[in-house]
Amino acid sequence: MCGIVGYAGNNQAAPILLDGLAKLEYRGYDSAGVCVHNENGLNAVKAKGRLTVLSDRIDGGNALQGMVGIGHTRWATHGAPSDVNSHPHLSWTGKIAVVHNGIIENEAKLRQKMLRKGATFCSETDTEVVANMVGYYYEKLGNFVDAVRETVLRLEGSFALGIMCVDVPGKVIAVKKDSPLIFGFGKGENFVASDVPAILKYTQTVAYLEDGDMAIFDSDSVTFMDASGEIVEKKQEKITW
C-alpha cells in the first residue's frame with residue numbers, strides 16, 4: 001500500500017517529507033518521489049528503488065528548496081516500477097501535482113476523455129489521469145478547489161490524494177475515499193499523511209478524514225469540507241502512544 005505525506009509550514013518541506021516517508025516504509029513500496037513548490041514553480045524529483053535513492057538524489061532534501069510539498073512511496077499497480085511511473089505526477093499543463101494511494105477503476109475511460117481534450121501522458125499510471133483532469137478543470141474553471149471537486153466527482157474506485165497547484169502557492173488539498181488519510185495540526189505548520197507514524201515526530205494532534213472529506217490547508221489554517229461541499233468541523237484527537 002502506498003504512502004502519502006504532505007506539508008505546509010515555515011520549514012523546508014523536502015527533509016520533512018523524506019522523514020515522513022521513511023516512517024511509512026513498512027507499507028511496502030518500489031519507488032518514491034517528492035514535489036515542492038518554490039519560486040521556480042512545482043519541482044518534482046522521483047526515483048525507482050529504495051527511499052535512500054531518492055534521498056541521495058536530493059541530498060537528504062537540502063537540494064530541493066520550498067516550504068510546501070507532497071511526497072509518496074509507490075507500490076506499482078498501473079505501470080512497472082520506474083522513475084517515470086513514480087509519483088508525484090504533474091498535469092500536462094504543468095500546473096498541477098498529485099500523489100495518490102488507491103486505484104482509479106475507470107482510469108481507461110477517463111484517459112480517453114482527457115486525450116480528446118488535448119492532454120498528453122508520459123506514464124502508464126492512473127494517477128496521471130487524475131493530475132490531467134484537475135489540470136483540465138483548473139484551466140476551465142480558474143479555481144483550484146472547484147477543479148479538484150469536479151475531478152473527484154468523476155472518479156470511481158479508491159483514493160487518497162494530495163494535490164498542489166502552481167498558481168496557489170502555500171496550499172495543499174487532500175481528499176479521501178476508501179483509502180486512509182489523516183490530518184495533523186501543528187504550530188505554524190500542518191500535515192497530511194497516510195498514517196500517524198509519518199507525522200508523530202512533529203505533532204500529536206490529528207483528525208481522521210472520512211470518505212468524501214476534503215482538507216484545504218496552508219501553514220496556518222485548514223478548511224474541511226464534506227462530500228457535498230459543506231464546510232465541517234473535524235474532531236481533534238490527541239495521540240498518546
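Here are legends for a few close-up views of this predicted model.

**View 1. Helix α3 meets helix α4.** Start with two helices: α3 covers residues 107-116 and α4 covers residues 126-141. Their axes come within 10 Å and cross at roughly 40°. That angle is why α3 counts as oblique to α4. As for handedness, the crossing of α3 past α4 is left-handed.

**View 2. Who touches whom between α3 and α4.** Now zoom in on the side of α3 that makes the contact: look for E107, L110, R111, K113 and M114. Across from them, α4 brings in D126, V129, N132, M133, Y136 and Y137. Sort the residues of this contact by class and you get six nonpolar, four charged and one polar.

**View 3. The seven-stranded sheet.** Follow the strands across this open sheet and you'll read β5-β6-β7-β8-β12-β13-β14, paired antiparallel. At the edges sit β5 (89-90) and β14 (231-232), each pairing on one side only.

**View 4. A closer look at β12 and β13.** Within the sheet, β12 (residues 214-217) and β13 (residues 222-225) run antiparallel and are joined by four bridges.

**View 5. Helices lying across strands.** Helix α4 shows up again here, lying across β5, β6 (96-104) and β7 (157-165). Its direction is at about 135° to β6. Helix α5 (residues 144-152) lies across β6, β7, β8 (172-177) and β12. Compared with β7, α5 runs at about 160°.

Conventions:
Residues are numbered from 1 along each chain as its sequence is written. This is a predicted model: local features need pLDDT of at least 70, side-chain atom pairs count only at pLDDT 80 or more; totals for chains, interfaces and linings use all residues. Side-chain values use heavy atoms; hydrogens and water are left out. Axes are lines fitted to C-alpha atoms, for helices over the stretch in contact, and angles run from 0 to 180 degrees between N-to-C directions. Angles under 35 degrees count as roughly parallel, over 145 as roughly antiparallel, 65 to 115 as roughly perpendicular and the rest as oblique. A crossing is left-handed if the near helix is turned anticlockwise from the far one by less than a right angle, and right-handed if clockwise. Contact means heavy atoms within 4.5 Å. Ala, Val, Leu, Ile, Met, Phe, Trp, Tyr, Cys and Pro count as nonpolar, Asp, Glu, Lys and Arg as charged, and the others, Gly among them, as polar. Two strands pair if DSSP finds at least two bridges between them.
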